[in-house]
Amino acid sequence: MTADVNVVIDHSEYTILVVDDVVSNVLLLKVLLTNEKFKVVTANNGKDALVQAAEKQPDLILLDVMMPEMNGLEAASSIRALKHPDAERIPIIAMTANTFKEDVESALNAGMTGFVSKPIDVAYLYQELNSVLSNSKRD
């Protein structure tokens, strides 16, 4: 059986948690995602991401890797350990300027399911979001 590449995603059905310590990055992503009709919640560090993930139970998390207090790798591992039913399955996409093979592997080993580089390529971001969400929709 082949994957349906024409799966239509209604973005308004999905909430995305955007986590980044740089306010301008959060604002940019919020504009880009709301323009595509996604619901957006935000956090500015890994500790806040844990609270938001538990309370809001988003459908997907865009998570900066390099943050103070709790970095994205630690946050992803901690989110996976949360007690809500989707904690192990929620898609988490790493965002970082470090795109070496070992950076991607570290993100995946921390429990992330995707990877986008900074600065954000908007077309690639939308492609990754649609791909991850269409795959999670079929689960």
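Which residue in strand 2 is the bridge partner of Val18? The bridge partner of Val18 in strand 2 is Thr42. The model is predicted, so that local features need pLDDT of at least 70 and side-chain atom pairs count only at pLDDT 80 or more, while totals for chains, interfaces and linings use all residues. Residues are numbered from 1 along each chain as its sequence is written, and side-chain values use heavy atoms, with hydrogens and water left out. Helices (H or I, at least four residues) and strands (E, at least two) are DSSP runs, numbered from the N terminus.

Five strands form an open sheet in the order 2-1-3-4-5, and their pairing is parallel; two strands count as paired if DSSP finds at least two bridges between them. Strand 2 (39-43) and strand 5 are the edge strands, each pairing on one side only. On average, neighbouring strands of this sheet are turned by 20 degrees against each other, direction ignored. Axes here are lines fitted to C-alpha atoms, for helices over the stretch in contact, and angles run from 0 to 180 degrees between N-to-C directions. Strands of a sheet pair through backbone hydrogen bonds, either parallel or antiparallel.

The pairs may now be followed across the sheet. Strand 1 and strand 2 are parallel and share five bridges. Strand 1 (residues 15-19) is also joined to strand 3 by four bridges, and Val19 stands opposite Leu63 in strand 3. Strand 3 (residues 60-64) in turn pairs with strand 4 over four bridges in the parallel sense, where Met95 is the bridge partner of Asp64. Four bridges then join strand 4 to strand 5 (residues 114-117), with Ala94 opposite Phe115.

A right-handed β-α-β unit is made by strand 1, helix 1 and strand 2, and another right-handed unit by strand 3, helix 3 (residues 72-80) and strand 4. A crossover is right-handed if, with the strands pointing away from the viewer, the path from the first strand over the helix to the second runs clockwise.

Strand 4 shows how a strand can be enclosed. Five of the five residues of strand 4 (residues 92-96) are buried, so this strand is largely enclosed by the rest of the structure. Buried means under 20% relative accessible area, exposed over 50%, and partly exposed in between (1.4 Å probe, protein chains only). Ile92, Ala94 and Thr96 lie on one side of strand 4, and Ile93 and Met95 on the other. In a regular strand the side chains alternate between the two faces of the sheet.

The buried residues of helix 1 are Val26, Leu29, Leu32 and Leu33. They cover an arc of only 135 degrees around the axis, which puts them on the same side of helix 1; the arc is that of the directions from the helix axis to the C-beta atoms. The face turned away from this buried side carries the exposed residues Val23, Leu27 and Asn35. An α-helix has 3.6 residues a turn, so residues three or four places apart point the same way.

Finally, the loops hold some particular backbone features. Lys37, in the loop between helix 1 and strand 2, has a positive phi of about 75 degrees although it is not a glycine. At 58% relative accessibility, Lys37 counts as exposed. A cis peptide bond joins Lys118 and Pro119, with omega about 0 degrees.
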